[in-house]
Amino acid sequence: MNTGASDGLAGWHDPGPELVQKALARIGDAQHRRVFFERLENPRWVAALNSRNVFDSPPEATTDGAGRETWRPWPEGEYLVRMAALVPPTVVEILVRVSDTVNPYVQDLVVQAALELPPEEARRLVPAIERYLGQGRVRDGEEVVALVERLARAGLRKPAVRIAHAAFRPRPTGEAGKTRWRRRSVAAGLDGYWYSELLPRVVSALDVVLGSRVLGTLCAWLVVFQEASGDFDAASGTDVSYIWRPAVANHEQNNRYHELGDSLVEATRDRALEDIGHGRSAAEVLGTLERSGQPLLTRIGLHVLAATAADHEDAREEGFRRLMDPRLLEIAYRHEYSELGRSVLPLLNRERSEQWEAQILNGPPLAPEELARRAARRQASDEDLDAAVARYKEIWQLNILSAIGGNSLPALAASRLSELVGKYGEVSHAEFPSYSSSSWTGPESPIAEEELVLKSVDEIKDALASWTPDGSEPWGVTKEGLARTFQAVVRRRAWEFSTAAPELVDLDPTYVRALFSGLADGLSEGSELNWQPLLTCARLIALKRDDGAEVEGGGLDEDVVWRFAQRAVASLLEHGATPKQQNPIPVDLLRPAVEALAPLIDHPDPTPEHEERYGGSNMDPLTLSLNTTRPAAIRAIVQIAIRGNSFAEDGEARDRGVGAISLALDLLDRRLGPPRDNSLATAAAFGEALGRLIFIDQDWTVSRAGNLLTDDQFGEVVLSTALATYRPFLRLMDVVAPAAHGLLARAAAGGDPMSGWRTDRNPVELIGDHLAMLYIQGVIGLDYPLLVHFFETAPVKERSRVLGRLGWILMQSTDVPVEALERAKSFWDSRAEAVTDGDASADELLEFYWWVIAEKFDSAWWLPRLEQASRSEAFDPKGTLGEVLEATAVHAPGPVALIFERLLLRRAEPFGRFDLVEQAPAVIAAALESGDPSTVATGERMMDALGRSGHLRIEELVQQHRPRRIQKTDG
């Protein structure tokens with residue numbers, strides 16, 4: 001491969017102006033352009049074409065009539081990739097200039113060119129590739145990792161690490177997981193498949209430039225994954241990773257539902273084992289793993305000690321220390337604790353074996369009050385508390401000893417296990433806090449799909465009406481199994497079954513639900529429906545009687561009530577009115593569609609008893625609304641009204657759209673009273689619809705605000721659901737502003753406002769988030785009354801989180817307009833000034849680190865503001881500032897040293913300052929080289945403090961950085 005322009009141009013002739021002009025005149029269409037650039041091999045054409053701006057306009061998206069975007073290839077860019085090694089500077093100049101493109105073909109070419117360029121030139125494309133990874137647009141993960149490997153081999157540490165971070169460091173997406181009440185969604189620069197395939201390779205590449213620090217990087221990524229997904233809650237210390245990752249080792253219980261998390265566990269585990277195998281001390285490896293204090297990382301450490309104890313004396317020593325740590329007897333550590341016990345206990349001398357036995361046989365290690373509290377929760381009706389406590393202790397010991405197993409236990413413990421097994425029986429899978437085992441694959445049908453699909457509608461109707469399960473086998477053929485087969489057939493023959501729908505109205509509710517679900521499936525796949533008879537059937541199903549009472553027992557293999565079929569009706573009609581639907585409900589049938597749903601607006605489901613049983617801590621109101629009938633009807637009716645409103649400018653269709661809207665609003669009024677439907681699931685449905693209702697009829701919505709946005713839980717659910725559902729827009733904020741004022745006042749008085757949709761933002765923060773974005777967008781000013789009220793009354797924690805989230809959003813955004821950035825700066829400065837003037841708490845500024853790492857602002861602006869924010873003892877940058885402060889220390893050593901010392905010396909726990917310790921040598925070196933006596937003294941204090949705290953090589957590491965600051969640095 002050529003490494004320079006002079007070598008690459010040898011033997012080639014410059015194209016004359018006339019030749020270039022003639023060529024460009026002949027390649028006006030895409031086909032000729034493709035052929036020309038595919039065959040062009042002369043590198044001297046790069047400069048000639050560049051001088052004529054040929055490369056300045058990569059293709060953008062084209063949109064067809066259905067609204068689908070199409071991206072075109074860029075033959076010019078493919079030529080640049082081939083020329084990258086021959087004329088590197090010119091190719092880089094061009095690609096940097098066009099790198100803001102969002103065309104995935106062009107982005108791929110930028111990555112490919114980086115692989116062909118000399119590494120020193122390729123590093124100039126790193127910011128663009130970081131940006132593509134942040135957008136999740138890079139399609140070939142192997143090319144990304146190959147680039148990391150190439151940069152690392154060239155000794156370019158920082159560019160290699162930056163690309164690795166962008167590709168593999170997890171990040172929250174701001175979205176919920178697959179269901180709204182479960183874990184939050186987490187992403188990385190590469191998708192799950194590439195992530196798991198390529199993580200081992202990137203670890204090897206980073207080893208070249210980071211060495212022993214690779215393990216710390218993997219730990220940091222895993223910590224971020226845990227926090228971003230919600231699996232670890234820093235406030236409570238709760239860690240549920242033992243549910244999705246029951247064993248650190250490879251095990252059949254690991255279901256690999258979370259590709260990123262599982263891959264990081266395995267990479268961290270394997271790297272730690274490799275480090276010990278290569279001579280790194282077990283204490284040092286465990287120190288790195290345990291810095292975060294997260295149980296998952298501690299579990300990895302226990303596994304590593306178990307795997308290495310036989311061959312490494314220091315691992316046995318560390319293993320014994322952890323066997324004696326009472327905290328590790330908690331259930332979250334059970335699998336790896338028992339694994340460590342099986343490995344280390346047989347290797348202990350008698351004295352240490354007895355120490356461990358005493359801990360277990362006198363356990364559990366709980367205060368008497370806590371032991372009594374736990375035992376009382378399991379107290380039988382016929383025993384007193386003392387007996388319950390004794391039984392609790394015995395079962396605890398049985399579980400611990402069973403998890404380790406009698407063959408590995410010391411004699412006294414083994415004898416105790418035999419005694420307890422004789423009394424209580426053996427414990428299955430005691431080493432797993434959560435164990436799953438099932439061989440059932442789902443309900444079975446008596447008729448195969450390929451057999452049923454050949455029958456006529458009447459034959460299918462007769463088959464469904466006449467077949468009865470014999471009930472001889474609990475997991476045999478069932479109505480539910482037959483219903484699923486019927487649903488699949490309906491999907492394939494949607495027009496036919498929508499036409500015949502009225503003839504099927506008296507089938508079992510299980511099959512009617514399958515009918516409407518199958519029609520919805522067909523509609524999603526582009527099938528046409530015969531809406532007129534379908535709406536007739538929908539109306540008849542909606543009129544079926546269902547009192548909303550709970551269904552106790554049964555219900556697994558058939559529907560014994562109509563509400564499930566009625567929800568399927570509502571879902572289909574909602575789907576039929578969505579934008580961009582290929583075969584939507586015709587405009588002249590919109591009012592009949594609303595009429596069909598009218599009976600469901602008064603459906604008893606959900607009853608107060610149902611909400612009490614399934615709401616509260618089980619489901620948030622919005623999730624409950626997705627699984628109940630009345631809210632489903634509200635959601636569908638509003639969607640049909642939205643479709644009706646889309647004909648407002650169509651003279652012929654307008655009246656029919658207005659008719660549907662008028663009826664829809666009348667039906668919604670029935671839920672708003674008097675008397676009002678006080679179901680919180682209903683409130684969530686109205687909150688989810690609020691923005692749409694404003695667009696449909698703002699006057700109607702404002703006039704009902706007194707019933708919707710009330711100063712109770714119902715109003716709080718409407719308000720918080722609306723803010724969690726919609727992006728900020730002024731009309732929404734103006735409608736909810738009075739209710740938001742009241743909610744803020746209640747929160748300031750110590751109230752806990754109700755969330756309609758549980759996300760990582762509470763109602764107060766949602767109000768602040770919307771206000772902040774409206775200000776940044778230039779829609780409101782700092783004097784907007786609700787914005788003023790927010791900062792006057794909202795608790796300081798919520799004010800801080802709103803400012804932090806704004807910085808996080810800026811960090812995630814690309815191409816932020818200059819005007820928006822200027823308004824963001826003025827927004828922050830208004831709060832910083834309030835702190836300076838004593839009108840606000842300094843803790844309001846605690847999340848400024850997001851603004852720093854957003855890389856949207858010059859250090860001349862953020863350095864003094866970071867200095868102000870860091871004065872608070874509570875300021876914790878969570879491991880984010882080390883690298884950016886190191887980079888900034890080169891040109892601002894004094895301010896950086898002041899901030900760095902403050903942060904470094906404030907945090908005593910290792911993980912809290914891990915990134916600072918890593919970057920400290922370079923920052924200290926910059927301070928010592930500054931020539932300013934005060935800054936030099938700060939550098940010396942930091943070096944002394946680190947040396948005293950055990951970083952014995954700090955002076956050597958600082959000296960390594962000092963010459964490199966005189967010469968050219970590698971990264």
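**Close-up views of a predicted model**

**View 1. Glu503 lies in the loop between helix 27 (494-499) and helix 28 (509-524).** Helices here are DSSP runs of H or I with at least four residues, numbered from the N terminus. The structure is a predicted model, in which local features need pLDDT of at least 70, side-chain atom pairs count only at pLDDT 80 or more, and totals for chains, interfaces and linings use all residues. Residues are numbered from 1 along each chain as its sequence is written, and side-chain values use heavy atoms, with hydrogens and water left out. Glu503 counts as partly exposed because its relative accessibility is 43%, where buried means under 20% relative accessible area, exposed means over 50%, and partly exposed lies in between (1.4 Å probe, protein chains only).

**View 2. Glu143 belongs to helix 10 (residues 141-153).** Although Glu143 is buried, it has no salt bridge, and the nearest side chain of opposite charge, that of Arg139, is 8.4 Å away; a salt bridge would require a side-chain nitrogen of Lys or Arg within 4 Å of a carboxyl oxygen of Asp or Glu. Leaving aside residues up to four places away in sequence, Glu143 touches Asp108, Val111, Gln112 and Leu115, contact meaning heavy atoms within 4.5 Å.

**View 3. Thr888 sits in helix 47 (residues 882-889).** Thr888 is counted as buried because its relative accessible area is 5%. When residues up to four places away in sequence are not counted, Thr888 touches Ser859, Trp862, Leu863 and Val896. Between Thr888 and Ala926 there are 9.7 Å in space, C-alpha to C-alpha, while the two are 38 residues apart in sequence.

Terms used
Helices (H or I, at least four residues) and strands (E, at least two) are DSSP runs, numbered from the N terminus. Lys and Arg count as positive and Asp and Glu as negative; His and the chain ends are not counted.
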